[in-house]
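Hello,

Please find the structure below, handed over for your own use. My notes on it follow.

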Amino acid sequence: MMGLMKISDIADQVERELVSREEIDRKIAETAKQISHDYAGRDLLLVGVLKGAASTLVALADALSIDVEIDYVKLSSYGAGTESSGTVTVRNDLSCDVRGRNVLVVEDIVDTGRTLAWFCKELDRRGAASVETFALFDKPARRTIDFHPKYQGILIPDVFAVGFGLDYAEKYRNLDSVAVLKPSVYSKETNA
Ligand SMILES: O=P(O)(O)OC[C@H]1O[C@H](OP(=O)(O)OP(=O)(O)O)[C@H](O)[C@@H]1O
Ligand code: HPA
Ligand SMILES: [Mg+2]
């Protein structure tokens with residue numbers, strides 16, 4: 001692994017590690033194997049939900065043994081804070097037509113479930129042949145919508161997490177594992 005930021009690089013800001021890099025690598029490898037098996041011989045379009053899913057999508061695509069097409073959509077519901085606004089908006093749309101395609105939506109995290117539930121419905125509306133989901137991290141305690149990704153990720157407790165794509169105020173996405181920040185980080189960053 002090249003120079004991704006590690007917890008030791010920002011030890012002053014981190015309270016504790018939540019998910020190790022080894023656990024992430026294991027989950028990605030296991031899921032990639034399952035997806036390669038499930039979609040063998042079929043067309044597959046991977047859709048990463050920006051910005052958070054970028055790290056997960058690249059890691060997953062690298063671990064697949066089947067050929068796939070890749071596209072991205074930018075959705076947003078959280079803004080700069082730690083609470084979902086409740087409204088999902090498309091900030092940058094897909095560059096392709098999903099009509100008749102098998103789509104696998106790739107996310108960093110499923111939290112309330114609003115983003116994935118909304119986007120899956122939208123893909124159905126656009127005429128996708130099939131729509132499945134993978135979220136690398138899963139916070140079931142926070143669900144407000146009954147949503148279960150087909151490929152289940154690593155379960156995490158009801159705490160705000162950063163790293164491997166997950167941000168706080170657009171920072172920490174390039175941390176190589178997942179951590180909980182010290183409360184002092186949140187109290188300092190009012191308008192930074
Ligand atoms: O299950 P939910 O409660 O909908 O939360 C999950 C979504 O929230 C985060 O995105 P965010 O809107 O923060 O955008 P980002 O990916 O650019 O950080 C995350 O990447 C998921 O897309
Ligand atoms: O715990 C989280 N961290 C960062 N972004 C998020 N979006 C939903 N939950 C989270
Ligand atoms: Mg975010």
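In which strand does F134 lie? The model is predicted, and in it F134 is part of strand β6, which covers residues 130–138. F134 counts as buried because 26 C-beta neighbours lie inside 10 Å, where 20 or more are required. Setting aside the residues within four places of it in sequence, F134 is in contact with T31, L104, V106, P149, Y151 and G153. R42 is 92 residues from F134 along the chain, and the C-alpha atoms of the two are separated by 18 Å.

Next, the helices. Helix α1 spans residues 21–38 and helix α2 spans residues 54–63. Two packed helices are described by the angle between their axes and by the distance between those axes. For α1 and α2, the axes come within 9 Å and cross at roughly 55 degrees. The two helices are therefore oblique to each other. The crossing in which α1 passes α2 is right-handed.

Which residues of α1 and α2 meet? On the α1 side they are I28, A29, T31 and A32, and on the α2 side A59, L60 and A63. By type, the residues of this contact divide into six nonpolar, one polar and no charged. T31, on the α1 side of this contact, is also one of the residues in contact with F134.

D25 is another residue of helix α1. Is D25 buried or partly exposed? It is partly exposed, because 14 other C-beta atoms lie within 10 Å, and a residue needs 20 or more to be buried and 12 or fewer to be exposed. Between D25 and A63 there are 9.7 Å from C-alpha to C-alpha, with the two residues 38 apart in sequence.

Helix α2 has these buried residues: S55, T56, L57, A59 and L60. What covers the buried residues of α2 includes helix α1 and the strands β2 (45–50), β3 (69–76), β5 (102–110) and β6. Strand β6 is where F134 lies.

Last, ligand 2. How many residues are around ligand 2, and which come nearest? There are eight, of which I109, D111, F160, A161 and L166 come nearest. The shell around ligand 2 divides into six nonpolar residues, no polar ones and two charged.

Regards

How values were computed: Residues are numbered from 1 along each chain as its sequence is written. Chains are lettered from A and ligands numbered from 1 in the order in which they are written. This is a predicted model: local features need pLDDT of at least 70, side-chain atom pairs count only at pLDDT 80 or more; totals for chains, interfaces and linings use all residues. Axes are lines fitted to C-alpha atoms, for helices over the stretch in contact, and angles run from 0 to 180 degrees between N-to-C directions. Helices (H or I, at least four residues) and strands (E, at least two) are DSSP runs, numbered from the N terminus. Angles under 35 degrees count as roughly parallel, over 145 as roughly antiparallel, 65 to 115 as roughly perpendicular and the rest as oblique. A crossing is left-handed if the near helix is turned anticlockwise from the far one by less than a right angle, and right-handed if clockwise. Two residues are in contact if their C-beta atoms, placed from the backbone, lie within 7 Å. Ala, Val, Leu, Ile, Met, Phe, Trp, Tyr, Cys and Pro count as nonpolar, Asp, Glu, Lys and Arg as charged, and the others, Gly among them, as polar. A residue is near a molecule or strand if its C-beta atom, placed from the backbone, lies within 6 Å of it.
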